[in-house]
Amino acid sequence: MFSSKRNGRANLDDHAAGLIAHFEHNYHARLVAFSPSNLCPSPEESSYTDNNPKLPKDGRICEITLSGDGMSVMEHTGTRIGDMKQRELVSMNWVEMAEIAWDHQQSQVRFKKSPSESDDSDEFPFAIFLVANSLELEANIKLRLKGLGSRGRGSFRLPASSYIGMFAGVTKPKPFQRKRASLTTDPNEQLPPLEEMRSIALESYRGSGKPMHTEDSARRALAIEHIYDGKCTFMVQTASGPGLEGYHTDALLCLSENDISYYSSEGQMFSNNKTLFMQYEEIDSWDVNDGANASDNCLILKQKDSGLQFSFTLKQNNWNMPTLLHLRHCLEFFWNQHLEHNNLPALPHTTHGRAVARVFTLQGHRDPPPVPLGNIDVQDSEGRVVANFNERNRRASSVGREAGPTSNAAVIGSGKFEAIRRNTGKSVSKRGSFFGGQSKAPAVERHGVRDIWKYVVKHQGWLTKKGGIGPTGKKWLDRYFVLYSTAMGHYMSYYSEYGDSPLYSNERKERNLIDLGKVTFIRPVSNQQDAPAFSFDIVTIEREWTLCAQNENDMQLWLQLITTAVDEDVAIVPDDELNFDVKTLKDPTDRLQKYDYSTVIKASAFGVSVGTKNGKSEYFERFFWCYTDFYKWSVQNQFGKLTLFVSVFANNDFSQSSKQDFEFRSRQAVQLASAIEFYIEKFMSIMYLRKEGLVSDSGGDDYPQYDNEEDEYGDQGDVEVYGSDDEPDSISQQVDLLDLGGGGDQTPIATAVPVDNNGINLPTAGAVVQPPNPPAFDPFSDDVGGGGGEGAGGGDLLDAFTTPSVKVAPKNCVDNMMNNHVPQFLKGKNEGMLYSEPGVINVMVKQEWRGSQGRVSFCYVNAGSSPIEGLSSEIKAEKNNPSSLRMQLNALPSTSLAAGAQGVQQG
């Protein structure tokens, strides 16, 4: 059942979808690439220009026209007025499109066409275009396809949608199958050996990288200090070097944009009486000793001309005090910014303060696109500029690649489509005070903070977010947002008024902080049903944020700057941990208490801690699994309850014989699996940088790694089906981290939990139950197999990546069942009896289709009085099926089936 809010927005969208088919909308574009070579005519000389400031002057200038039938692209040719003419470059009907792929970071779109029956090639023709605002183009196309799907009522297939980079649709993207940004240009990118990575993780976890409680995060505290004061401060236990000898009880080490300062007492800092002051130009080298021997752990600075050496040991007597790892990251940030300012490359192996070196695009790996300058001129709620900054900070965009200044005034989207969206979508409240009165008097700037503001702020402005309690529930409120670049990564903070920001107030008045280092993906179109137009979602490992911009140009600027910040933080990890209370169902070591929620799983930067709790505060760690120890994991729905299956290596040799299987039940199993995937991606990004600049050798392991080859089609990201209000189903899959399950692609498969159209969990294959009288088969019911106890388990998860062989007992049924029944059935009914051998076996089937994707579930029931052994199955395509049809059949939950038992298998 859908809520009234959802129905209200759905009706508005349906109305807009019905109207837009009667209009044609044009978009200036540049043809970037196409295939095959005869898809578009050869270029001709032309002097035509559209003078669009957002598009390059060179390239094949064209115009995309969207209509009710499809998309057509026209090009101007000729050099004189009398010779100017238009010709068609390419056209595609909506129903013949296979896929539309979006790269909103580069504002590009790829239209992929299904091959015609007369075409001898199996390749999908495609064309890639650069447009001024891909978000506006996508919103237009989505409405058109929604209306087309409603009119067609499922009589034809509509194109799917996919995304590149950090963007995603309704469902979360598949980890490891999307290609993240890279901080290095090293072409020999590879990972260290597993043993080395495990040693690094254990050393960090047991040392200065030990995770903190979320409320005690030193990383967050350092970021806030950088935002307000322009520096990061560390308490020093001892210092050595010329003039620094001695024990100082309250000595401080301060790192800022241009220098490092040491104060032998806190009073000296307030009086600005520095015991040691060194600009980065004066430093020859630095190092942080952070090993197992705590007495030797310190920061070492070496002066350039004099060769003098200074060392500093930090205080570590409080849980939330910054550690040497925080100090290293902070110095990495300022040092790399210093190198960038002098046009020098970043320090190898570092993770903070680096610009993106390579990104994956619709054309494969490329240099990062120019990033537009954010706006740091402060505006009040009425849009008036109250603080103007003529000089930009040097970090306004990634590596200074500036695409040009942006206007302070809001820019309204062009075309009739913009008017349709403004008139039919929910409007954003007018900027103003909370009670609708006059704006407050302009706030007074703090003394000496303009230089800090120019350095740490990348963008600021007013966005609308959902919050506050009113007579009708939560309301959409205007908030003043600021995007910061700090030594601890990028953060977004929001305030009730611009006067609450650090430029005007020294009080910590931020209502909340969004840690962009914790972002898992971004939806360019919000998934919230009551969200206004121009809304987007920022999804982190902790929660989702839905924000709304004033118009599509404002939205595009925010998203490009946010995704660039997320890409730059690809190797920056949180210093806190996520805690999950779980019920242990299976523990081969018997070290965890089973069948109650006394087990706690803590996910953090370098691994997962599993332990037991005694009361509210006491925690006893039983296992620590580095991310190299994970072999497979998956989330499955057993009898209507979510269970996390984990297979880990118990020994350092990573042998198959050392694997141990655990099962944990939790309502937060999906979030737990997502956290593991998030941290593994981060861990891999850090480990790639460990080998930066080293000569490639064969010592690296076959970990899932970025493909350096160009991908012609770039099939990355999640898939969303147009033309339906229903959310596409997610399919429960398993992750084989090290690909030790044998052959095939070395990229792990995403973990996801199946949901039906209304968000209700669907069962997953894997449960085998043996009731005396099996109930009627329903593979999509809440209880897999029709029953089971609290601890009922699934099949062998590790066998799920093994391709089943074609052997079905009784043997004489195989040919008849596979060759005669399946093709006819799948062309007809959606569910029913597929095959029946009285007294032996019954096979029932149910199929579901969403656009170009489908799911088929098979239920095998032993109809005899004796067990069936050696049960296996295989699904094959007919010889005349197109080679583009991809199929995957999960393994049977068990190769044996007791009398009266049943098993479910999905493909």
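What is the handedness of the crossing of helix 3 and helix 10? The crossing is right-handed, where the term means that the near helix is turned clockwise from the far one by less than a right angle, and left-handed means anticlockwise. This is a predicted model, in which local features need pLDDT of at least 70 and side-chain atom pairs count only at pLDDT 80 or more, while totals for chains, interfaces and linings use all residues. Residues are numbered from 1 along each chain as its sequence is written, and side-chain values use heavy atoms, without hydrogens and water.

Two packed helices are described by the angle between their axes and the distance between the axes. Helix 3 (residues 194-206) packs on helix 10 (residues 669-690) at about 115 degrees, with the axes 11 Å apart. Helix 3 is therefore roughly perpendicular to helix 10. Roughly perpendicular covers 65 to 115 degrees; under 35 is roughly parallel, over 145 roughly antiparallel, and the rest oblique. Axes are lines fitted to C-alpha atoms, for helices over the stretch in contact, and angles run from 0 to 180 degrees between N-to-C directions. Helices (H or I, at least four residues) and strands (E, at least two) are DSSP runs numbered from the N terminus.

From helix 3, Met197, Ile200 and Ala201 meet Phe683, Met687 and Arg690 of helix 10. Contact means heavy atoms within 4.5 Å. Five of these residues are nonpolar, none polar and one charged. Nonpolar means Ala, Val, Leu, Ile, Met, Phe, Trp, Tyr, Cys and Pro; charged means Asp, Glu, Lys and Arg; the others, Gly among them, are polar.

Helix 4 (residues 218-229) and helix 6 (residues 324-341) pack at about 35 degrees, with axes 11 Å apart. Their crossing is right-handed. Ala218, Arg219, Leu222 and His226 in helix 4 meet His326, Phe333 and Phe334 in helix 6. That contact has four nonpolar, two polar and one charged residues.

Next, the lining of the largest cavity. Strand 16 (359-361) and helix 9 (552-568) each supply at least two of its residues. Strand 16 gives the most, with three. By class, the lining has six nonpolar, five polar and four charged residues.

Two backbone features remain. The peptide bond from serine 35 to proline 36 is cis, with omega near 0 degrees. Proline 36 sits in the loop between strand 1 (25-35) and strand 2 (60-66). Phenylalanine 534 has a positive phi, near 65 degrees. This phenylalanine 534 lies in the loop between strand 24 (519-523) and strand 25 (535-540). Most residues other than glycine have a negative phi, and most peptide bonds are trans.
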